[in-house]
Amino acid sequence: MIEIRFTIKDDLKELPWLYRQYHKGDTFVETNYDGMVKEFDRLSQNEDYKFISAVENGELIGFCSVVINHDIVEQQKPIIMLWNLRVHPDYRRQKIGQKIMSFIEKFGKEKGVDFIFLGCDADNQSARKFYKKLGYDEDYGFYKYL
């Protein structure tokens, strides 16, 4: 049975491997495991940072990071910034991503979130189709590496 839940520290063991699958095994996604655990512990103390895991039989098969961003200018309602939704290649097309997104949306409603914002690579047509199927509108976005 697949469980969608907030991430626990034990889930982190397989997270670097899961991320490398997205990048086709490229080594530039290497992770300092001790640093990752330390950062997870630090961010977990802040209610605005949440990590969501999909787990089957104790194995991590999906993951996503969310940050609640508080708007102080317009409606003063928070938004969720969603990052790095990943699903294990062997579990794709089994609605794991949809279940993770439903979990995040339910969490957002409980927190009074106004909307969810996420980025998606321009050439990742399967992800774009996935988000549109879930009712997400495609607009625009920019980024810059510093």
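The legends below describe close-up views of a predicted model.

View 1. Helices (H or I, at least four residues) and strands (E, at least two) are DSSP runs numbered from the N terminus. His88 has 13% relative accessibility and counts as buried; buried means under 20% relative accessible area, exposed over 50%, and partly exposed in between (1.4 Å probe, protein chains only). Apart from neighbours within four places in sequence, His88 is in contact (heavy atoms within 4.5 Å) with Trp17, Leu18 and Ile61.

**View 2. Salt bridge between the side chains of Asp41 and Lys9 (3.1 Å, N to O).** Asp41 belongs to helix H2 (residues 33-43) and Lys9 to the loop between strand E1 (2-6) and helix H1 (15-22), so the pair ties together parts 32 residues apart in sequence. A salt bridge is a side-chain nitrogen of Lys or Arg within 4 Å of a carboxyl oxygen of Asp or Glu. Asp41 is partly exposed at 30% relative accessible area, and Lys9 is partly exposed at 40%.

**View 3. Salt bridge between the side chains of Glu47 and Lys50 (3.3 Å, N to O).** Glu47 is partly exposed, at 46% relative accessibility, whereas Lys50 is buried, at 16%.

**View 4. Salt bridge between the side chains of Glu138 and Arg128 (2.3 Å, N to O).** Arg128 lies in helix H4 (125-133) and Glu138 in the segment after helix H4, so the pair ties together parts 10 residues apart in sequence. Glu138 is partly exposed, with a relative accessible area of 43%.

**Notes.** Residues are numbered from 1 along each chain as its sequence is written, and side-chain values use heavy atoms, leaving out hydrogens and water. In this predicted model, local features need pLDDT of at least 70 and side-chain atom pairs count only at pLDDT 80 or more, while totals for chains, interfaces and linings use all residues.
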